[in-house]
Every structure is written in structure tokens, then in C-alpha cells.
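Have the sequence and the 3D view side by side. We will walk through the fold one piece at a time.

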Amino acid sequence: MLNVNRSQDLRLIGRSHAIREIEREIDCAARSDAKVLITGETGVGKEVVSRLIHRHSARASAPLVTLNCAGLPDSLLESELFGHVRGSFTGAYRDKPGLLEMAPNGTVFLDEVGEMSPRMQVVLLRFLETGEIQRVGADRSHTHVNVRLITATNRDLEKEIAEGRFREDLYFRLNVIRFAIPPLRERIDDIPLLIGYFLQMYCHLHGVPTVDVAPEAMDALASYRWPGNIRELKNVVERVVVKSSGGTVQHADLPFDVVRSAAVRPSASPAASDPEQPQRTSQAEQLAELMLKHGESFWAVVHPLFMARDLTRADLRRIVQIGLECTNGNYRMLVERFSMPTEDYKRFLSFLRKHDCHLPFQRFRAVPAKYRPESEPSPLRKVVNP
Ligand SMILES: Nc1ncnc2c1ncn2[C@@H]1O[C@H](COP(=O)(O)OP(=O)(O)OP(=O)(O)O)[C@@H](O)[C@H]1O
Ligand SMILES: [Mg+2]
């Protein structure tokens, strides 16, 4: 529930555009005292980001105190945050400071802030407005504190506000600097790097000789949806390491969930998690068909739509995926098939990288025939023969 200054294991691994942006934003956030709100699915690294902001800030030598608001009854949460006075409730035998007082000149990280009850939201708002600490059971404020507040949630707070579960005034107070960490399936470039990093870490930890991953197994790992994001990936790697005695991890060594999902889904298209997938997918497929079948150029039919935000990154990745499936993972051939001049190869790749839409080519070399069920038509065939 509460922990102070855990400093081990503090690295943001990844080379995707998203991770590089987050690193830049961490440096920027660390230079100020502004409140930070971090959003993202479970396990994407919200706590890591909060700890890095603190570590790089001028407050680094003061404590960073973390409190998870989920599952705590109001009375306990309020007492953890603000402290209590003796006799204020059964079991309150002495005065106790809250964690806001335990981090003078430091940082307080409130995790799962979206879970706070309406009453606690009012209490937090009052504190943010006055900076005053009033311990539970006290009839006046006890002291002022200087802390920097970082909050995180995996809820969609805008939706929570619309549905009357989260106060808009509190949201505006918390949402000064915003980090929206994308799920792992939207930055699959990071997967091999994270796997390599955790393999090394767990081999060292469990005294297992070096382990590497066979290409087929890596393809399955890259194709998996990772609903638990990096936390799940870390656990899978640890399980694999513990079961192995060194050597190469094969496809058969992977957990059943990962293998089954990769078999059902031939690739980790982010569009697959998009509620608008059918419409989006067909738009992406139509554009791919325009290029592959009718000789239209990528720069003429896809680029302008994407720049005008009429196409999402998921759409663009889907288009690239279709192209790579046709060219067996060959980007040079893809440039040709998308009717671009050969000399546009570098420009095209850097465009994809800049927008985090560069898919690793490896899985288009080994995977499809093996993992795509017989009955499932190829994505392009669906367009040609609907
Ligand atoms: N980019 C990254 N590089 C290395 N490790 C990471 C990265 N992102 C997350 N992790 C690791 O993944 C695990 C989950 O990260 P973290 O606890 O920060 O996620 P979270 O978003 O706070 O999750 P939750 O919403 O469930 O609280 C941690 O062990 C963390 O060290
Ligand atoms: Mg967390």
C-alpha cells in the first residue's frame, strides 16, 4: 500500500518513438514542480515514470512516497494521507503523521487516483487548494507542506467525469503535465529489447546460463496482445528462464496463453484491439488495395490522410502489415509495391519510425503459413474477394 523510495530496477527500456518521447517529457517534467497525471493500462510503466521524474528532479534527495488509493476505505486513506490524532478512531492510540508530512520537499505519488471516492476527492481538492494538512480527528489544520504531487490511473478520467464519478475541478488540478503511456501492443518495436533485458536480468538472478530466443518464439511473443503489458512480459520471461537450463527458448517453451493467442491472431495488429476495428480495418485494406492493385502511390493516397489525422496510427500499421505480408517482410519491395520511387526507401522508413509505425519485418518471414489457420483468409484476400 505504502512504500518509500524504492530505487532499484529503475530503467525505461525501449526504442520506440513513444518511449523516446516519454524520456524527453520526463526530463521536462523533472525541471518543474508542476503536478503530473500519468495514464495508461495496467503494467505499462506508470510507476516507473513517476519514479524517474522524482529521481531527475531537484527533489531527488528528499523522499518519494507512494500510496495506492485502490481498495482503501475512506477513513484509512485519509489517515494514511493526512495522519490522525490520538483517539480519533478505535485503535488510534497516538498521534500519527500522514505520508504527505513524511515527504517534506519531496514527491508524493498517488497511484490509482481514479478509484478515490467522491468524499476523498473533495478532501484531496481542499488540500491542493490550501496545502494545509488537517489530521483525521483534528479540528483545525496542523501544518503546511511542500510536496510535489504525481498521480496515476488506468481509468479514462474524461469518461469518469462525463459519467459523474470523478470531479472535473480535481481533474483540472491534477492534469497539468500529462503522460499517456501507450500499451505494449502499440509499440511492438520495444518487445525484443524488453525481452533481451529481462532475459539477462532473470538469468543473472536465478543463476541460469545465458538464454536466447528462437526466431519462431520471438515472433509469437511479438504477436501476442500483452493485456498485462510489461508486467506480464516480465513475468513470462521469468517463467521461461526458471524452466530453462540455458540455451535457446523454443516456441514450445512459451506459456500456452501466448502461443494460443499468436496462433489465433496471425499478427499483433493494434487495430485488433480497436473497437472501431471492422470499419478501420476495411479503410486500411482499401487503401492497401489501391496501392497494391491499382498502382496508386503511398505519398498520394495514405500520407495526406494520415497527416490530416483521418487515418490513425493503427490504420497505418495495418497498411504496412498488409504490405509486408505481400512482400514477405521486405521493406525495399514494399516501397516498390506502394508505388514509391526506390530512392524514397529511407524517407519512407524514417516516416514510419517517426510515427511509431515501423513493424519488425522478421515475423513476416517465418510466421504466417504456420500460424494462420487454414480457414482464415489473408487480410488482402478479404478485400479482393469480400
Ligand atoms: N519501459 C520499461 N522498461 C523496463 N521495465 C519496465 C518498463 N515499463 C514497465 N516496466 C516494469 O514493468 C512492471 C510494471 O510497471 P509499473 O508498475 O510502473 O506499471 P503501472 O503502469 O504502474 O501498472 P499498474 O497500473 O498495474 O499499477 C514493473 O516491474 C516495471 O519495472
Ligand atoms: Mg502502478
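Start with the whole chain. The model is predicted. The protein chain has 386 residues, and 51% of them count as buried. Its secondary structure comes to 19 helices and twelve strands. Now look at who touches whom. Take the contacts in the chain with a separation of 6 or more: residues 24 or more positions apart account for 75% of them.

Next, find strand β9, residues 148-153. Is this strand mostly covered or mostly open? It is mostly covered, for six of its six residues are buried. Check both faces. R148, I150 and A152 lie on one side, and they are buried.

Which strands pair with β9? One is β2, residues 36-39. The pairing of β2 with β9 is parallel and runs over four bridges. To find the place, look for L37, which stands opposite T151 of β9. Another partner is β6, residues 107-111. β6 and β9 also pair in the parallel sense, over four bridges. Here V108 stands opposite L149 of β9.

Now step off the strand. N154 sits in the loop between β9 and α5, which spans 157-162. N154 is partly exposed, with a relative accessible area of 35%. Its contacts reach along the chain. Leaving aside neighbours within four places in sequence, N154 touches G40, E41, T42, K46 and E112. I38 is 116 residues away from N154 along the chain, yet their C-alpha atoms are separated by 8.5 Å.

Turn to the helices. Two packed helices are described by the angle between their axes and the distance between the axes. Take α3, residues 74-82, and α4, residues 118-130. They pack at an angle of about 15 degrees, and their axes are 10 Å apart. Angles under 35 degrees count as roughly parallel, so α3 is roughly parallel to α4. Their crossing is right-handed. Which residues make the contact? From α3 come D74, L77, E78, L81 and F82. From α4 come R119, M120, V123 and F127. By class, this contact has six nonpolar, no polar and three charged residues.

Look again at the numbering in that contact. An α-helix has 3.6 residues a turn, so residues three or four places apart point the same way. L77 and L81 of α3 both belong to the contact. Both are also among the buried residues of α3. After α3 comes G83, whose phi is positive, near 85 degrees.

Compare another helix pair. Helix α7, residues 190-206, packs with α8 at an angle of about 115 degrees, with the axes 9 Å apart. The crossing of α7 and α8 is right-handed. I191, P192 and I195 of α7 meet M218, L221 and A222 of α8. What classes of residue are in this contact? It has six nonpolar, no polar and no charged residues.

Finish in the loops. Most residues other than glycine have a negative phi, and most peptide bonds are trans. W226 is not a glycine, but its phi is positive, about 50 degrees. W226 is found in the loop between α8, residues 215-223, and α9, residues 229-243. Is W226 buried or exposed? W226 is buried, with a relative accessible area of 0%.

N328 also has a positive phi, near 55 degrees, and is a residue other than glycine. Its place is the loop between α14, residues 313-326, and α15. N328 counts as partly exposed, at 44% relative accessibility.

The last stop is D344. This residue lies in the loop between α15, residues 331-337, and α16, residues 345-354. D344 counts as buried because its relative accessible area is 12%, and the cut-off for buried is under 20%. D344 and R332 are twelve residues apart in sequence, and their C-alpha atoms are 9.5 Å apart in space.

Key
Residues are numbered from 1 along each chain as its sequence is written. Chains are lettered from A and ligands numbered from 1 in the order in which they are written. This is a predicted model: local features need pLDDT of at least 70, side-chain atom pairs count only at pLDDT 80 or more; totals for chains, interfaces and linings use all residues. Side-chain values use heavy atoms; hydrogens and water are left out. Axes are lines fitted to C-alpha atoms, for helices over the stretch in contact, and angles run from 0 to 180 degrees between N-to-C directions. Helices (H or I, at least four residues) and strands (E, at least two) are DSSP runs, numbered from the N terminus. Angles under 35 degrees count as roughly parallel, over 145 as roughly antiparallel, 65 to 115 as roughly perpendicular and the rest as oblique. A crossing is left-handed if the near helix is turned anticlockwise from the far one by less than a right angle, and right-handed if clockwise. Contact means heavy atoms within 4.5 Å. Ala, Val, Leu, Ile, Met, Phe, Trp, Tyr, Cys and Pro count as nonpolar, Asp, Glu, Lys and Arg as charged, and the others, Gly among them, as polar. Buried means under 20% relative accessible area, exposed over 50%, partly exposed in between (1.4 Å probe, protein chains only). Two strands pair if DSSP finds at least two bridges between them.
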